[in-house]
Amino acid sequence: MNHTTKLPDHRYERVQNAATHAATPPRAGGRMCRRPTSTQWAAWGFLAPVTVYLALFYAYPLYRNLDLSLRNYTVRSFVQGDAPFTGLKNYRTVFDNPTFTPALLHTALFTAVCLFFQYAIGLALAAFFNQHFRLSATLRALFLVPWLLPLIVSASTWSWMLNSESGVVNAALHAVGIGPVNWLTSPSWSLASVIIANIWIGVPFNLVVLHSGLQSIPAGLYEAAALDGAGAWRRFWSITFPLLRPVSAITLLLGLVYTLKVFDIIWIMTKGGPADSSTTFATWSYQLGFGNLLPSFGPGAAVGNLLVVAALVFGLVYVRVQRMQALS
């Protein structure tokens, strides 16, 4: 026997309308009005400090540097903020300056040579320490010392070592019968000197990152290759190097961005000289903006923006290559 009570039609419609109205969120202006949940508020709370930090210390300085490069700033107008707009005049001044071509070549050579040797030496050391021999961890920690030292200490040490009269490098050369070399005062050797110092400082970073990449490669691949008769060199080119490509790409990109803006080492060791023989965009930008009694803020900012554009272009190339590799 069915005891289900059937509601009258008009009461059934009222109950159904009430249930529909309760299940429907309130509308404002014809749209759904959704209140942020506690999780969303927490997400915004964690995101806010990062957003403020990026805006204050990245976005605003970039905007100010761009504004400097598009106006004719003097010391007075820099304080009062009434510099006239000049458009791309500062960039034309930079391109017409006779220092532009040597600084561009020095920047390219300094960056390319440092990246190559830092990566090659770092990869060789990473493969060496990946053998897990006795004291490998201790020796690997000692190799981090150049990376942990303040740059002013490292650059000052290299300046002392490469001193023409009292440096230990020339003393060692004299011991083997080679004459002294004017490492820091000769136009032929000044750029090579800062390159050597920067390579020494950058090798530990490559060692750490590449060694962590080697740790992620399964050991079974090397065992299988060894059973197939592959030697150490063949295993390196067929297993290690291809599987390290993602780690190598980010290592080279970070090294590129860092090397492009190297200023401390060059300025402390040679100040871009002698005769601009070791001047790069980083040191030239500083010289234009702060190295003279009458600073050229606009051209100095323009040179700095060229470095930003170069780093941005290589970053976009890296993202493009990574996306193509992911799709292939």
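What follows is a chat about the pockets, cores and one loop of a predicted model.

Q: What's the secondary structure of the protein chain?
A: The protein chain of this predicted model comes to 16 helices and two strands.

Q: And how much of it is buried?
A: Of the 328 residues in the protein chain, 32% are buried.

Q: How many of the contacts join residues at least 24 apart?
A: Taking contacts between residues at least 6 apart in sequence, 64% join residues at least 24 apart.

Q: OK, pockets. What volume does the largest pocket have?
A: The volume of the largest pocket is about 740 Å³. Its lining has 24 residues, and L62, N65, G304, L307 and V308 lie nearest the centre.

Q: Which elements give two or more residues to that lining?
A: They are α2 (38-69), α13 (245-260), α15 (281-290) and α16 (297-327). The largest share is from α16, with eight residues.

Q: How do the lining residues divide, nonpolar, polar or charged?
A: The lining of the largest pocket has 18 nonpolar residues, five polar and one charged.

Q: How much space lies in the second largest pocket?
A: About 350 Å³. It is lined by 13 residues, with A127, N130, Q131, Y222 and T240 closest to the centre.

Q: Which elements give residues to that one?
A: α10 (190-215), α11 (219-227) and α12 (232-243) each give two or more. The largest share, four residues, is from α12. By class, the lining of the second largest pocket has seven nonpolar, five polar and one charged.

Q: Switching to cores. How many residues has the largest nonpolar core?
A: It has 33 residues, and F110 and M269 have the most contacts inside it. At least two residues each come from α5 (100-129), α8 (151-161), α10, α12 and α14 (264-269). α10 gives the most, 10 residues.

Q: What is F110 in contact with?
A: Beyond its neighbours within four places in sequence, F110 contacts L191, V194, I195, N198, T259, V262 and I266.

Q: What other core lies apart from the largest one?
A: There is another core of 16 residues, including Y91, A103, L115 and A311.

Q: Now α15. How many of its residues are buried?
A: Eight of its 10 residues are buried, so α15 is mostly covered. The buried residues are F281, A282, T283, W284, S285, Q287, L288 and G289.

Q: What covers them?
A: The cover for the buried residues of α15 includes α4 (89-96), α5, α13, α14 and α16.

Q: And T279, where is its place?
A: T279 is in the loop between α14 and α15. T279 counts as buried because its relative accessibility is 1%, and the cut-off is under 20%.

Q: What does its side chain reach?
A: The side chain of T279 reaches the backbone oxygen of G272 at 2.8 Å. Leaving out residues up to four places away in sequence, T279 touches T99, P102, A103, H106, G272, W284 and Q287.

Q: Which residues does the cis peptide bond join?
A: It joins G273 and P274, with omega about -5 degrees. P274 is found in the loop between α14 and α15.

Q: Which residues have a positive phi although not glycine?
A: K271 has a positive phi of about 55 degrees, and A275 also has a positive phi of about 55 degrees. K271 is in the loop between α14 and α15, and A275 has its place in that loop too.

Q: Are those two buried or exposed?
A: K271 is partly exposed at 49% relative accessible area. A275 is exposed, because its relative accessible area is 75% and the cut-off is over 50%.

Note on methods. Residues numbered from 1 in each chain as written. Predicted model: local features only at pLDDT ≥ 70, side-chain atom pairs only at ≥ 80, totals over all residues. Heavy atoms only, no water. 1 Å grid on protein atoms, 1.4 Å probe; cavity = no way out; pocket = protein on both sides within 12 Å on 5 of 7 lines; lining within 4 Å. Points joined across faces, edges and corners; volume = space filled by probe spheres on them. Nonpolar A, V, L, I, M, F, W, Y, C, P; charged D, E, K, R; others polar. Core = buried A, V, L, I, M, F, W, Y, C linked by side-chain atoms within 4.5 Å. Buried < 20%, exposed > 50% of the residue type's maximum accessible area, 1.4 Å probe, protein only. Contact = heavy atoms within 4.5 Å. Polar contact = N/O pair within 3.5 Å; in protein donor to acceptor, adjacent residues only side chain to side chain.
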